[in-house]
Amino acid sequence: MKKRMAKWLVMVLALVMVLGGAAAYAQQPVHLVVDTEATETTLALENGRAMIPVEALGEAMGISAQWQENQLVLTFAEKTMILTVGEAEALLDGEVVMLDQAIIAAEDVTWVPLASVARAFGHEVGWNASTKSVEIITRTNRLFSEYVKAIAATGALMLNGEMGDLHESIVAS
């Protein structure tokens, strides 16, 4: 009888450890990194999609947000996105776009799908599984990086409206 009870106890403990470990894993925080800088922004997961509080969009990526009646209006770099709570469809400069996830309003916080919004405004979005981080390269940083790469590839630099050789420019200074 004691052997049987011990076996059951071991099985129950093993089950508790496995389920407890799975629950702890599921509750691990998801981090946000913008232009290689870690942020303090808390992300939530909804159906496997990273969601960000509307208030954090400005801090993280410079996207402004304001409510107009029942719609959330986001603007960045002369683009406007209009979202409605509970809907996975939005308007981007008047064109209908589908979001990864509907926006959610819960406990005085409105959550929007990070990847959908970031990509709509020209930012690059990636996932780093080892650090459990969503990594964003902002449009500004991406464009600057492309500009620098183009200069490096061609060796040309515009100086006072004239094309000059990058090497000669560096040597001359």
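Contact is taken here as heavy atoms within 4.5 Å. Axes are lines fitted to C-alpha atoms, for helices over the stretch in contact, and angles run from 0 to 180 degrees between N-to-C directions. Helices (H or I, at least four residues) and strands (E, at least two) are DSSP runs, numbered from the N terminus. The model is predicted, so local features need pLDDT of at least 70 and side-chain atom pairs count only at pLDDT 80 or more, while totals for chains, interfaces and linings use all residues. Residues are numbered from 1 along each chain as its sequence is written, and side-chain values use heavy atoms, with hydrogens and water left out.

The protein chain contains 5 helices and 15 strands. Of its 173 residues, 31% count as buried (under 20% relative accessible area, with exposed over 50% and partly exposed in between; 1.4 Å probe, protein chains only). Among contacts in the protein chain with a separation of 6 or more, 38% are between residues 24 or more positions apart.

An open sheet of 4 strands is arranged in the order β3-β4-β11-β10, with antiparallel pairing (two strands pair if DSSP finds at least two bridges between them). β3 (44-46) and β10 (104-106) are the edge strands, each with a single partner, so one side of each has no neighbour in the sheet. From one strand to the next, the twist averages 40°. β3 is joined to β4 by 3 bridges in the antiparallel sense, and Glu46 stands opposite Arg49 in β4. These two strands, β3 and β4, form a hairpin with 2 residues between them, and Asn47 in the turn has a positive phi of about 55°.

On the β11 side, β4 pairs antiparallel with β11 (residues 109-113) over 3 bridges. Met51 stands opposite Pro113 in β11, and Pro53 is opposite Trp111 in β11. β4 is mostly covered, with 4 of its 5 residues buried. Helix α2 lies across β4 and β11 and runs at about 90° to β4.

The largest nonpolar core has 29 residues, of which Leu32, Leu74, Met81 and Leu114 touch the most other members. Such a core is a set of buried Ala, Val, Leu, Ile, Met, Phe, Trp, Tyr and Cys residues joined through side-chain atoms within 4.5 Å. At least two residues of this core come from each of β1 (31-34), β4 (49-53), α2 (54-61), β6 (71-76), β7 (79-84), β8 (89-92), α3 (114-120) and β13 (133-137). The largest share, 5 residues, is supplied by α2. Beyond its neighbours within four places in sequence, Leu114 is in contact with Leu32, Leu43, Ala50, Met51, Ile52, Met61, Val134 and Ile136.

The structure holds 1 aromatic pair (rings of Phe, Tyr and Trp, the last by its six-membered ring, with centres within 6.5 Å; planes under 30 degrees apart count as stacked, over 60 as edge-to-face and the rest as tilted). The ring centres of Phe76 and Phe121 are 6.1 Å apart and the planes are at 70°, so the pair is edge-to-face. Phe76 lies in strand β6 and Phe121 in the loop between α3 and β12, so the pair ties together parts that are 45 residues apart in sequence. Phe76 and Phe121 are both buried.

Asn128 is placed in strand β12 (residues 124-128). Its side chain is joined to that of Ser130 by a polar contact of 2.7 Å (a pair of N or O atoms within 3.5 Å; within protein, one must be able to donate a hydrogen and the other to accept it, and residues adjacent in sequence count only if both atoms are side-chain atoms). Leaving out residues up to four places away in sequence, Asn128 touches Ser133 and Glu135.
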